[in-house]
Amino acid sequence: MVRAAGDRPYLASALYSLTVVPSDGVPTMGVDRHWRCYVSPSFVAASSVPELAGEWIHEVAHLLRNYHGRADLLPTADRRDQARLNVAQDCEMNDDLLADRLELPEGRAAPGDFGLETGRLFEEYLPHLPPSAQCFDCGSGAHGAPGDWEILGPGGQGGVSTVEAEALRRHTAEAMRAQRNRGSLRGGWQRWAEQLLEPAVDWRRVLAGAVREAVALAAGGVDYTFHRPSRRTAALRGVVLPSLRRPLPVVAIVIDTSGSMGEDDLATALAEVTGVLQEVGVRGEPDHRARLRRRRAHRGAGDVRAAGRAQRRRRHRHAGRHPGGPNAPVS
Ligand SMILES: [Zn+2]
């Protein structure tokens, strides 16, 4: 690690924030979301110092580039395919690391292994990888799913909070910007630092991720509650059983336009919202139930607001059986 931090001083803060956890379970090295780095002692013994320096940088790059956070925004099927997701992420970062003349252990994936061009994001590589794509497991700090060898949760040994991680990313990006001015920073890291310090947000990706996350949360939101005891309680003297509760989400999307938004922009926004809702299995209703109100407060500018109530079809049917509406018990 000292070698890695010495060779790439802009990564020093991030590297020294890792908590090293020796583990015989991890194949080589892997990271979790809390910046714990699991290290196989046998891998360390069998690797050269330059290889280990490259591997440390590889692992910390998973965390700096927030791969697990980006993975959380993918469709469920892509998130579950952890092996391919890990390969796609390694492709995104390894072409930069190899161009930076870092040594990586044998078997590390790169875009060229799959006939893909360099310089892309892992989200772009993922659909082009074969189902059989495999690489070393880099842990939940990469693809999001904890390995058997990981400590679960933020507690226990070491750990970096979400806020601290964001501060580390910003600090590293600023150090990289200073390094860029000296002309010795590779393209991939340059793009990452610029995007982090001066983000150009792809609103389509953010919208799709936010809706998927909300729907996934609601779909998994079945839990026990004592607000309304189970009907089976009556059969058990002296025992109160909880009922199951499933919240029914109300989705409201506001498109607030300024004078720079024309009819075409509005149509694009509505089409994108409808598309995302349909993709995640939610029936958007901007056509017949949404209120679309356009106020022309002044010439050439408009304020458009679309608000809709959308629920999953099966929940519509379900709500029909339980007139209790949102938060109605389901048992
Ligand atoms: Zn990796």
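I began at Pro22 and looked for its bridge partner in β3, which turned out to be Val39. This is a predicted model, so I am noting what the prediction shows. Pro22 belongs to β1, which spans 19-22, and β1 pairs with β3 in the parallel sense over 4 bridges.

Next I asked myself: in what order do the strands of the open sheet run? There are 3 of them, in the order β1-β3-β2, and the pairing is mixed. The edge strands are β1 and β2, each pairing on one side only. From one strand to the next, I get an average twist of 25 degrees. I also looked for what packs on this sheet and found α4, which touches β2 and β3. The direction of α4 makes about 20 degrees with that of β2.

**Cores**

I then went looking for the largest nonpolar core and found 50 residues in it. The ones with the most contacts inside this core are Leu11, Leu15, Trp56, Ile57, Val60, Val87 and Ala88. Which helix gives the largest share of the core? That is α4 (residues 49-64), with 8 residues.

Leaving aside neighbours within four places in sequence, Ile57 is in contact with Ala4, Arg8, Leu11, Leu97 and Leu102. There is also a second, separate core of 9 residues, including Val211, Ala269, Val273 and Val276.

**Arg33**

I found Arg33 in the loop between β2 (29-31) and β3 (36-39). Is Arg33 buried or exposed? It counts as buried, because it has 23 C-beta neighbours inside 10 Å and the cut-off for buried is 20 or more. Leaving aside neighbours within four places in sequence, I list His68, Ser140 and Gly141 as the contacts of Arg33. I also checked Gly139, which is 106 residues away from Arg33 along the chain. The C-alpha atoms of these two are separated by 8.6 Å.

I located Asn66 in the loop between α4 and α5 (67-71). Asn66 is partly exposed, since I count 17 other C-beta atoms within 10 Å.

Arg101 is also not a glycine and has a positive phi of about 60 degrees. Arg101 sits in the loop between α7 (82-99) and α8 (122-125). With 10 other C-beta atoms within 10 Å, Arg101 is exposed.

**Helix α10**

Which residues of α10 (residues 187-197) are buried? I wrote down Gly188, Trp189, Trp192 and Ala193. Why do they end up on the same side of α10? It is because they cover an arc of only 130 degrees around the axis.

Last, I checked the confidence. The protein chain averages a pLDDT of 77, and 76% of the residues score at least 70. Over residues 286-331 the pLDDT is below 50. Beyond near neighbours in sequence, that stretch still has 74 contacts in the model.

Technical notes: Residues numbered from 1 in each chain as written. Predicted model: local features only at pLDDT ≥ 70, side-chain atom pairs only at ≥ 80, totals over all residues. Buried ≥ 20, exposed ≤ 12 C-beta atoms within 10 Å, placed from the backbone. Helix = DSSP H or I, 4+ residues; strand = E, 2+ residues; numbered from the N terminus. Arc of directions from axis to C-beta. Core = buried A, V, L, I, M, F, W, Y, C linked by C-beta atoms within 7 Å. Contact = placed C-beta atoms within 7 Å. pLDDT = per-residue confidence, 0-100. Pairing = 2+ DSSP bridges. Axes fitted to C-alpha atoms, helices over the stretch in contact; angles between N-to-C directions.
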